[in-house]
Amino acid sequence: MKFFAVLALCIVGAIADPLSADEANLVKSSWDHVKHNEADILYAVFKAYPDIQAKFPQFAGKDLESVKDTAAFATHATRIVSFFSEVIALSGEAANLSAVYNLVSKLGADHKARGVTAAQFGEFRTALVAYLQAHVSWGDNVAAAWNHALDNTYAVVLKALA
Ligand code: HEM
């Protein structure tokens, strides 16, 4: 029986150290303050890391200031930010763990197909955390909860990218 349980974990993949309900609540309540700043978040990421902007066919080689208010920019920003909203909404519940794993694993595989590197995902994380620090009430407990959430997400993304 134990063998089949381990096998099942290997097949569907797993998040080794899921967020506690308290950590998930801290991530959710801080995310609620910024989740509608979609274009602002993508702008901050592109501004800090132009190599990320250069991967987007619609924005590569264009002046960030001239694209940031366009409908195309808003559409892309909403796609990316909504992904976080979806995963964060599912977090903190054991019953949702395999759904989260599958979503994030697919994200990694889709980005691998686009030639996005682990280093670029690292840059994205740095820019996102800097944005959060500047826009939400950021104490040690919030920082630790986000760090745990992003460690979990990135372990799955990096496995899919490898
Ligand atoms: C955790 C970080 C990230 C998240 C949550 C995320 C999320 C998404 C989502 C939801 C999409 C649209 C669905 C799809 O086509 O797969 C997308 C598309 C895309 N992402 Fe990401 N992404 C992340 C990091 C990155 C990074 C670091 C890069 C580049 C260096 C990147 C480049 C792209 C590109 C080029 C597209 C396609 C855009 C197009 O359709 O023209 N993403 N991303």
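Which residues does valine 100 touch, not counting residues up to four places away in sequence? Some notes for a first look follow.

1. This is a predicted model, where local features need pLDDT of at least 70, side-chain atom pairs count only at pLDDT 80 or more, and totals for chains, interfaces and linings use all residues. Residues are numbered from 1 along each chain as its sequence is written, and side-chain values use heavy atoms, with hydrogens and water left out.

2. Valine 100 sits in helix α7 (residues 97–113); helices here are DSSP runs (H or I, at least four residues), numbered from the N terminus. Leaving out residues up to four places away in sequence, valine 100 touches Ile15, Val87 and Leu90, where contact means heavy atoms within 4.5 Å. Its relative accessibility is 10%, so valine 100 counts as buried (under 20% relative accessible area, with a 1.4 Å probe and protein chains only).

3. Serine 30 is in helix α2 (residues 21–34). With 5% relative accessibility, serine 30 counts as buried too. Beyond residues up to four places away in sequence, serine 30 touches Val136, Val142 and Trp146.

4. Now for a helix pair: α8 (residues 118–135) and α9 (residues 140–161) pack at an angle of about 160°, their axes 11 Å apart. Axes are lines fitted to C-alpha atoms over the stretch in contact, and angles run from 0 to 180 degrees between N-to-C directions. The two helices, α8 and α9, are therefore roughly antiparallel (angles over 145 degrees). Among the residues that meet are Phe121 and Leu128 in α8, and Trp146 and Leu150 in α9.

Terms used
Buried < 20%, exposed > 50% of the residue type's maximum accessible area, 1.4 Å probe, protein only. Parallel < 35°, antiparallel > 145°, perpendicular 65-115°, else oblique.
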